Amino acid sequence: MHNNTLAYGRELRLLTPSQFQTVFSNPPVKAVTAHITMLATPNTLDNPRIGVTVSKKRAKTAVQRNRIKRRVRETFRLKQHKIPNFDIVVIAKQGIVDLDNTELNDTLNYLWRKLAKRCKQYQSQ
């Protein structure tokens, strides 16, 4: 599975509350825009992992929440080879549902670049 760089399998996801909590507790790396916050903590694996949180307060319907999660996962899938081995939590913020897919993709791609750069800087300290 690892030889396909564009896969998005279970090993690339944060699956348990404790995995999320590790990132939330003290993330050394952050990237933030008006609509999305990304928090990252180094992991000991051979790949980055992401978890996505979109609360009902931020996106009322399941359709909206799923669209946002799909965009996050898809942009991550395409960028993962440029991201260091960190566990990343992506948090949707107020107003995210007002972004169309293009705006959401642009925002996410900007954040992935910013986060990757900051993760690398953090690693080289």
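This is a predicted model: local features need pLDDT of at least 70, side-chain atom pairs count only at pLDDT 80 or more; totals for chains, interfaces and linings use all residues.
Local features require pLDDT of at least 70 and side-chain atom pairs pLDDT 80 or more, while totals for chains, interfaces and linings use all residues. Residues are numbered from 1 along each chain as its sequence is written, and side-chain values use heavy atoms, without hydrogens and water.

Helices here are DSSP runs (H or I, at least four residues; strands are E, at least two), numbered from the N terminus. Helix α2 (residues 62–79) and helix α3 (residues 101–123) have axes that come within 10 Å and cross at roughly 45°; axes are lines fitted to C-alpha atoms over the stretch in contact, with angles from 0 to 180 degrees between N-to-C directions. The pair is therefore oblique, the class left once angles under 35 degrees (roughly parallel), over 145 (roughly antiparallel) and 65 to 115 (roughly perpendicular) are set aside.

The contact (heavy atoms within 4.5 Å) involves, among others, Arg67, Val72 and Lys79 of α2 and Leu104, Asn109 and Trp112 of α3. Lysine 79 lies in α2 and, leaving aside neighbours within four places in sequence, touches Asn109 and Trp112.

Tryptophan 112 also belongs to the largest nonpolar core, of 27 residues, where it is one of those touching the most other members, as is Val72. Such a core is a set of buried (under 20% relative accessible area, 1.4 Å probe, protein chains only) Ala, Val, Leu, Ile, Met, Phe, Trp, Tyr and Cys residues joined through side-chain atoms within 4.5 Å. The largest share of this core, 7 residues, comes from α3.

Note on methods. Buried means under 20% relative accessible area, exposed over 50%, partly exposed in between (1.4 Å probe, protein chains only).
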